[in-house]
Amino acid sequence: MSQELRINNNKFIDQTIRLSFKFNGEKLYGYKGDTLASALLANNIHLVGRSFKYHRPRGIMTCGSEEPNAIVQIGKDPSLTDPNVRATEIELYEGLEAFSQNCWPNVKFDIGGINNLLSPLLPAGFYYKTFMWPASFWEKYEFFIRHSAGLGKSPSKPDPDIYDHKYYHCDVLVVGGGISGIIAAKLSAENNNETLLLDDKNTLGGTTIYQKNDCFQINGTYTNYWLEKEINNIKNIKNLTIKTRTSLAAYHGYNYLLAKENLTDHLNPDERKDKIRQRLWKIRAKKVIIATGSIERPLIFNNNDRPGIMLSSAIKKFIDFYGVKTGKEISLFTNNDSAYETAISLKKSGVNIVSIIDIRDISSSKIVKEVEKLNIKIYWKHTVVNTEGYRRISFIEIMQLSDDGSGVIGKKIKLKSDCLGISGGWTPMVHLFTQSGGKLKFRSDDNVFLPDKSKTPSDQISIGSCNGDFDIKDIILNSNKEVKTFLGIKNSSFDNLKVESSNEEKKKNIWLLPSDKPIGKTKPFLDFQNDSTAKDVKLALREGFKSIEHVKRYTTTGMGTDQGKLSNMHALGIIAETTGTNMGELGTTTFRPPYTPLTFGAIVGRNVGEFFDHTRKTAMHNWHVQNKAKFENVGQWKRAWYYPKNGESMFEAVQRESKAARESVGILDASTLGKIDIQGTDASEFLNRVYTNAWSKLAIGKCRYGLMLNEDGMVYDDGVTTRLGENRYIMTTTTGGAANVLSKLEDYLQTEWPELDVYLTTVTDHFSTISICGPNSKKILNKVIPYLDLSNENFPHMSFKNSKINGIKCRVMRISFTGEHSYEINIQSNYSKNVWEMCMNAGKDYNITPYGTETMHLLRAEKGFIITGQDTDGTMTPSDLQMDWIIGKKKFDFIGKRSLYRSDTIRDDRKQLVGLLTDDPKEILEEGAQIVEKLNQKPVEMLGHVTSSYFSPNLNKSIALAVMKSGKKLKGKKFFVPMENKNINVTVTDTVFFDKENKRLNA
Amino acid sequence: MFIIICPYCGERDQTEFSSGGEAHIVRPKQPTELSDDEWAEFLFMRKNIKGIQFERWNHSHGCRKWFNVVRDTSNDKIHAVYKMGEKPPINK
């Protein structure tokens, strides 16, 4: 395609580097320096997408992040494709491939366009009103709504790109590299402040960098030349770091800000290899200067959404910066002087301007006079009442405004135009300011919300047009003054600048411009992406919505990916006008971060895959791997789950392991259990207070099981604690609870009982634990530690011995979680794998069988031992668990004691732990299954649920633990466990299924 | 994301700390003598103030010490930080 719309302008566009790209499959060309939007416009392509609801053709409207229409999908690769990219922001590279979104089969002919014809039937809240009834149909409606809704497509495969995070501390952060940002950065850095300057574009200078107009001069030169020189100067200042292509996403409290730096999105795919794609900057700044500028407002009139209708400021940037004519016969429609700058730029580049339509009566500013000199036809006090052209604007119709601006009079004039620039004044970008907690005030002269200086946190300022200065003279002089005060600077190189500007005249504001047609017959779009019109807002008000937040959600105004950057002010204006409220009182909707969308990649940075979370492995982990263990995650730990042999299923392996542990000997890696070393003269008293049972009389060398409650009386954790000496204990906790238990104990020690002399140290990782259980466990231990007397007299159940293995100190406890005669060897972790292997060797003749957590769970269930977190859920008291024996009733106090006789905890119809046996011993219940008494009751009463369930190979039947209402009274009673296809008959039993007399502990 | 000055370690990012709720709720010395209502008052009732609030914080990814913070919940401004057992430097 020819480039007849391109003018010679090689300052920002390198016309020696031609780049090919594809849009919707069509091969096109642009130049280095183009955005996708400017390259498309140079190829005379305006139509880039379809609107969300009515599927109306939409074109490029802006030149920045506020773009509502030109939202495209980049690339086809299922792992790299990027949805919802603004064509106005993405820089062109060789091979770029972009697609329109929200249209089918294609952007030029879209079947969804039928919604446009149906639009009288699709008012605000249509979906809410229509799909509410009947309720049971929602699932069917949802399918169609979801199908026809949605913008881009997310990638379907993992993202191969690298993302990075960077922490940054500075004295002053300047956000925005326009003219006021440059002034601020220079002043700050020159005065010994470590300064960071960010701009989201690839070049600094904002709009001034391409402002070459006789009306705007600094010290006798064009503003763009002056600024260019300043930018070249600041690049050499030592204290100043400049980051372009970096957009500020969020401004949190204490001057904590997030910014996204794009590093490779402008490169072609070959150049991207092995480079970091995006970097998220986490910035702490002592002071922040916001210089984010302003964006132009559209005008709201009938059919204001056709491709070819653009912001006047965008037309100016396309011609002045990118050297692209957005049309051959351009009209401008305005309520202020800004559009006249565009007119001069266009005229200078040889573009034919059909006319300027200005709703004001007259303006006599310098720039308007310049335009009049160029013989451009200006229609004063006129408005556009309609536009024509489906895929591209072709004609506009204008009429004279009535004196009060509420209607139109006279004859309709039809003008041929293939592009219409609209200018409704400027909206300061106060997003970051409000995100930081600043409050806005309303300036009624030109209907803008501005940072309220009296409600600004002390460590920041807003300068330039985001602070409401729109005239270049005000911008420069005020920025200089404000920055000097803010940073305590006396003299500035900007003090004596001579600035000339056009002396703009006031704009005339009409939120909704009148048409010759009644409003019901018009389509004045407010939110271009979400297709909400001024009509919709008025309808919402008639239907009783008053709050701006409600109107926003009901009409979806401002809820697109552009977050209402263009539409919010008009929506507010129309609401205020219709309801007769002052806009300042109405307030704005909340500006939430991010200012522009962030990728998930940038948010997670390097914390993906194995870096997502820590993985903790025991010292014996490699042995488990070599012996083909399957692992399960317990918190961050990898625990051996079971060890399948010769293609065994999990069920088969667990059955074999469980049998071996009871018949001969099993070995378990129990290293993950939490271990807390407790020392101090008050250690016994401390344990008395944190456990429910009594500890003072525990002899040195003895172990005791303890139950720990929360202050609300509910079981929190359990484990065996051993008294190592007069003032020293070692406490074990559950694997998952270790960190929380330590924190909780520290909390009590530091805040409630600071008088206690107790010190806690976590030693979970320092010691590994090897548990050997079964009737032959004694023989194994005897081989590993031959000189240790294992007789019941010397080393009875629930006691401990210090010992040595090959000269290495270890602690041996005779404790049991399986009901078998068993020992736990605790040894410094770096020796434990050796000791484990010694045990395996020693057990060869006894078929020593390594078992995992699943077998451990099965064996303890046979004994009716609970697992906190599986059989308890934070609502079980010791009594609910039938463990009243562990409550030291005579103790003065312990954590949770008082709660055990609150009216609620003494109810006898609480859920209580019971055993369950299935009538068919082969039937295994599902954990979590509900238990009911009557099958035909509606609604059926849920009496409880299964908490643990296994097939016991040692009893040759299925066993289960469950919690049931009034469970203690239900022994022997029959119930049902209803499943999807059948009802299982069960009988409530005792919780101990195996070796009720505990004979095996000493076997 | 505010900054807390740990009374033991100094200025640190909020991510190093964990919040422990309302401060100066003393565990009753003789819980057994309390009525259900009195015990429930200690156990469950917490204030959620918009404005100046006295809170417990723990430097959980640092020195692991507990201390008190006076924070304005409406703007996260921290007015005082003091050790456990110390009198609040600002009147409650």
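**Chatting through a two-chain model**

Student: Hi! Which are the buried residues of helix 5 of chain A?
Tutor: They are Ile179(A), Ser180(A), Gly181(A), Ile182(A), Ile183(A), Ala184(A), Ala185(A), Lys186(A), Leu187(A), Ser188(A) and Ala189(A). Keep in mind that this is a predicted model.

Student: And how many residues of helix 5 of chain A is that?
Tutor: 11 of the 12 residues of helix 5 of chain A are buried, so the helix is mostly covered.

Student: What covers those buried residues in helix 5 of chain A?
Tutor: Several elements of chain A do, including strand 8 (162-175), strand 9 (195-198), strand 12 (240-243) and strand 15 (276-290). Helix 6 (223-234) and helix 12 (472-487) of chain A are also among them.

Student: What span should helix 5 of chain A have?
Tutor: Helix 5 of chain A covers residues 179-190, and at 1.5 Å a residue its 12 residues should span 16 Å. The C-alpha atoms at its ends are 17 Å apart, which agrees.

Student: What follows helix 5 of chain A?
Tutor: Asn192(A) does, and its phi is positive, near 65°.

Student: Let's zoom out. How many helices and strands does chain A have?
Tutor: Chain A has 24 helices and 50 strands. Its C-alpha atoms fill a box of roughly 115 × 70 × 55 Å along the principal axes. Of the 1003 residues in chain A, 49% are buried.

Student: And what is the secondary structure of chain B?
Tutor: Chain B has 1 helix and 6 strands. Starting at the N terminus, the elements of chain B run β-β-β-α-β-β-β. The C-alpha trace of chain B spans about 45 × 30 × 25 Å along its principal axes, and 15% of the 92 residues of chain B count as buried.

Student: What about contacts in chain A between residues at least 6 apart in sequence?
Tutor: In chain A, 67% of those contacts join residues at least 24 apart. For contacts in chain B between residues at least 6 apart, the value is 49%.

Student: How many residues of chain A are in contact with chain B?
Tutor: 20 residues of chain A are in contact with 19 residues of chain B. Helix 21 (residues 738-752) of chain A gives the most to chain A's side, with 6 residues.

Student: What does that side of chain A have by class?
Tutor: The side of chain A that touches chain B has 3 nonpolar, 8 polar and 9 charged residues.

Student: New topic: sheets. In what order do the 6 strands of the open sheet in chain A come?
Tutor: The order is 46-47-48-45-50-49, and the pairing is antiparallel.

Student: Which strands stand at the edges?
Tutor: Strand 46 (930-931) and strand 49 (974-978) of chain A do. Each has a single partner strand, so one side of each is left without a neighbour in the sheet.

Student: How many bridges join strand 45 to strand 50 of chain A?
Tutor: 4 bridges join strand 45 (residues 911-918) to strand 50 (residues 983-989) of chain A, and these strands run antiparallel. As an example, Gly915(A) has Thr989(A) in strand 50 as its bridge partner.

Student: I'm curious about backbone details. What joins Pro593(A) and Pro594(A)?
Tutor: A cis peptide bond, with omega about 0°. Pro594(A) lies in the loop between helix 16 (583-586) and helix 17 (600-604) of chain A. The peptide bond from Lys938(A) to Pro939(A) is also cis, with omega near -5°. Pro939(A) lies back by the sheet strands, in the loop between strand 46 and strand 47 of chain A.

Student: What is phi of Lys381(A)?
Tutor: Phi is near 55°, which is a positive value in a residue other than glycine. Lys381(A) is in the loop between strand 20 (378-380) and strand 21 (382-388) of chain A.

Student: Why does Ser966(A) count as partly exposed?
Tutor: Ser966(A) counts as partly exposed because it has 15 C-beta neighbours inside 10 Å. Phi of Ser966(A) is positive too, near 50°, and this serine sits in the loop between strand 48 and strand 49 of chain A.

Note on methods. Residues numbered from 1 in each chain as written. Chains lettered and ligands numbered in written order. Predicted model: local features only at pLDDT ≥ 70, side-chain atom pairs only at ≥ 80, totals over all residues. Pairing = 2+ DSSP bridges. Helix = DSSP H or I, 4+ residues; strand = E, 2+ residues; numbered from the N terminus. Contact = placed C-beta atoms within 7 Å. Nonpolar A, V, L, I, M, F, W, Y, C, P; charged D, E, K, R; others polar. Buried ≥ 20, exposed ≤ 12 C-beta atoms within 10 Å, placed from the backbone. Expected span 1.5 Å × (residues − 1).
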